Amino acid sequence: MTDLAPSRSGRSFVIDAFPESVPRHIGRTIVAIDVIRATTFAITAIATGRRCIVARDVDDALEIRDRMGDVLLAGEVAGEQPVGFEMNNSPADLVDRQDLHRPVVMVSSSGARLMLEAGRATRRVYVACLRNVTAVVRRLLEQDTDVALIGAGSRGEFREEDQICCAWIADRLMVAGFSPGNSQTLEITERWRGSTASDIAMSNSATYLRRSGQLRDLDFIGAHVDDLGLVPSIAGNEVLDADPSSRSTRRAFASTSRS
């Protein structure tokens, strides 16, 4: 990667991937992204009014259940739902459930790790997916920091759906005067800035959903674009709405989902 000159405003952003990259970006505001499906699942959970706890792994999730009691265990490890879990990390299935009083405890192969790593590295961390691009951009513009947009990645690949979400945010940051911090960042932004949600269909993540009969989630992600005003953050191991002004949006969404 070739470093680029900073903008006249002095604020820059970078695009990176994988939980292991988080330490490189301490000092920046970090945005954690795993469109298929961890961050979409987490954001959808709190949009329905449900608490969302992120676990390191299956054992951690079971320990959290033992401490908290009646929780909903959800997630995947290497694409498989763990034994004893009630559901995969499916946002489409989650909104169909009526047990909103039960906190969800989620695990995932990389997205959960990314959120936890980012939360440990800095208090300035937000969670994004295709559902809250505009809300996240607005929050980033309110702050006087540089930004790191980090995709979770899967099986060593920086998946297309996460690049797309990064690029949508990046495009708006550039319009606001941010500069890309390196050549990789500029390349990804230019490649995907004009993309649409349907372009996630080319991803290996989308191929997995089709192969495993989970097309409802692919349809859900494509149908729910920029429809939430939530700006979630990470406090310890919990995903929380960092913007109280979005509560009315969350209540309205929860009512619609249950109807």
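Predicted model: local features only at pLDDT ≥ 70, side-chain atom pairs only at ≥ 80, totals over all residues.
Local features were considered at pLDDT of at least 70 and side-chain atom pairs only at pLDDT 80 or more, whereas totals for chains, interfaces and linings use all residues. Residues are numbered from 1 along each chain as its sequence is written, and side-chain values use heavy atoms, with hydrogens and water left out.

Helices (H or I, at least four residues) and strands (E, at least two) are DSSP runs numbered from the N terminus, and two strands are taken to pair if DSSP finds at least two bridges between them. Strand E10 (residues 238-241) is joined to strand E3 (residues 52-54) by two bridges in an antiparallel arrangement, in which Cys52 stands opposite Val239 of E10. Strand E9 (residues 232-235) is also antiparallel to E10, with four bridges between them, and here Pro232 faces Asp241. E9 and E10 form a hairpin with two residues between the strands, and Gly236 in the turn has a positive phi of about 65°.

Strand E6 (residues 125-128) runs parallel to strand E2 (residues 29-33), to which four bridges join it, and Ile33 stands opposite Ala128 in this pair. Both faces of E6 are covered, since Val125 and Val127 on one side and Tyr126 and Ala128 on the other are all buried (under 20% relative accessible area, with exposed meaning over 50% and partly exposed in between, for a 1.4 Å probe and protein chains only).

Two packed helices are described by the angle between their axes and the distance between the axes. Helix H5 (residues 133-142) packs on helix H6 (residues 160-175) at an angle of about 45°, with the axes 10 Å apart; H5 is therefore oblique to H6 (angles under 35 degrees count as roughly parallel, over 145 as roughly antiparallel, 65 to 115 as roughly perpendicular and the rest as oblique). The axes are lines fitted to C-alpha atoms over the stretch in contact, and angles run from 0 to 180 degrees between N-to-C directions. In this contact (heavy atoms within 4.5 Å), Val133, Thr134, Val136, Val137, Leu140 and Leu141 of H5 meet Cys165, Trp168, Ile169, Arg172 and Leu173 of H6. By class, the contact has nine nonpolar, one polar and one charged residues.

Gly194 lies in the loop between helix H7 (183-192) and helix H8 (204-211) and is exposed, with a relative accessible area of 68%. Although Gly194 and Asp171 are 23 residues apart in sequence, their C-alpha atoms are 9.0 Å apart in space.

Key. Nonpolar A, V, L, I, M, F, W, Y, C, P; charged D, E, K, R; others polar.
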